[in-house]
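Please have a look at the structure first.

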Amino acid sequence: MTTWFRRAAAWAIAATLAVLAAGPLSAQGVTSAAVSGRVTQAGGQPVEGATVIIINTSTGQRFQIQTRAGGRYSLENVPPGGPYTISARGVGFQPNNLSGVQLNLGQRFTHDFELTQAVVQVQELTINAAVDPLINKGRTGAASTISDSAIANLPTISRNFTDFVVTSPQVVATPNGGPSIGGSNNRFNNIQVDGGVNNDLFGLGASGVPGGQVSARPVPLDAVKEFQVLVSPFDVRQGGFTGGLVNAITKSGTNDFHWDAWLSLQNQGLVGNDSSGKGANTFSTTMFGGSISGPIVKNKAQFFVSADIQKKTLPYAGALLNAGKNGDALAVADTLAARYPALTAGSPGTFNENNPGTNIFAKVTAQAGQNGQIEFSDNYGKTTD
């Protein structure tokens with residue numbers, strides 16, 4: 001009860017601060033996309049004061065901005081995803097629309113509009129968006145983006161999104177299992193989730209995230225929307241590392257209800273024999289979970305919840321007494337049992353370890369004003385060994 005009361009109090013304080021802080025809110029890192037361009041009329045003359053409207057058709061989230069000198073417009077902190085519809089309109093001109101725009105994490109989407117004077121009534125002009133070329137002025141250094149479809153389709157045993165970092169051409173797996181980005185030690189990398197740092201401060205786990213030594217995951221895999229792997233970016237908003245930056249963002253709900261459930265089973269029966277014909281030791285791994293999302297108030301607020309539960313039993317892989325010492329160990333166990341009946345000393349030899357884990361992620365997103373968004377999220381993770 002105390003734990004839930006503290007969580008509720010923390011949410012209340014965060015909501016109060018969000019209301020009191022009038023103005024745009026942003027995370028510590030770059031967790032969004034941007035849209036920019038120019039609005040002109042025939043002959044290339046700029047249209048100043050034109051209205052550019054950006055709408056996420058899956059959530060109803062709406063952004064609006066006016067063109068400034070030279071007909072230029074620029075909107076930062078647009079949530080990645082889509083599809084977006086971008087429209088430009090001005091007094092005395094026919095509207096011009098661009099639909100089907102998908103924005104990636106860290107992308108700066110650029111599109112120029114040309115408006116036609118409304119002398120006669122013509123049909124609305126619709127242009128389908130095209131993917132930006134690989135080489136464009138919006139890039140700020142070597143980077144790779146792993147999308148949600150890639151995360152869903154690529155194989156993984158641990159269900160940790162950091163497993164997919166090695167899909168970037170600048171990343172190699174080191175002998176201890178950690179990713180080396182640009183040739184640097186994996187301890188020098190910076191891992192961010194929604195702008196918050198999720199690094200293993202003590203350097204104990206190869207994965208680089210807290211609890212990596214006991215196979216802990218920072219967030220459920222189903223909660224990760226996409227992430228970037230950045231090598232030496234020259235964007236001044238990104239820093240705090242000398243290796244590489246793994247910049248991940250989590251999913252949000254939409255105006256449609258979605259849910260999914262999954263189950264994964266592993267044991268020694270699914271493992272073949274080694275070259276000497278010896279089979280694997282007895283082990284068992286059961287993982288299950290799912291996610292659910294949908295609208296709270298359509299076009300205004302949405303929710304997303306994901307859970308990832310793990311039950312694992314593995315043979316102990318540490319040092320054990322050699323066979324010649326088993327008799328001594330049994331003698332000590334018998335003496336303890338005789339003198340202290342309440343104690344259980346155990347027995348020598350191999351034994352199994354339990355490695356349970358629980359990850360639960362919840363997020364609520366809401367439109368805040370004309371060009372803002374508020375997010376409340378809670379991430380619970382517990383893994384023991």
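Let me begin with a definition: a residue is called buried when its relative accessible area is under 20%, exposed when it is over 50%, and partly exposed in between, using a 1.4 Å probe and protein chains only. What you see is a predicted model, in which local features need pLDDT of at least 70 and side-chain atom pairs count only at pLDDT 80 or more, while totals for chains, interfaces and linings use all residues. Residues are numbered from 1 along each chain as its sequence is written, and side-chain values use heavy atoms, with hydrogens and water left out.

If a salt bridge is a side-chain nitrogen of Lys or Arg within 4 Å of a carboxyl oxygen of Asp or Glu, the count comes to five. One of them joins Glu375 and Lys363, with the closest N and O atoms 3.7 Å apart; Glu375 is partly exposed at 39% relative accessibility, whereas Lys363, at 3%, is buried.

Salt bridges with shared partners also join Arg159, Arg217, Asp222 and Asp308 into one network. Within it, Asp222 meets Arg159 at 3.3 Å, N to O, and Arg217 pairs with Asp308 at 3.6 Å. Asp308 is buried, with a relative accessible area of 1%, and Arg217 is buried at 6%.

Turning to the nonpolar cores, meaning sets of buried Ala, Val, Leu, Ile, Met, Phe, Trp, Tyr and Cys residues joined through side-chain atoms within 4.5 Å, the largest has 22 residues, and Val35 and Leu103 are among those touching the most other members. Apart from it lies another core, of 18 residues, including Val165 and Val231.
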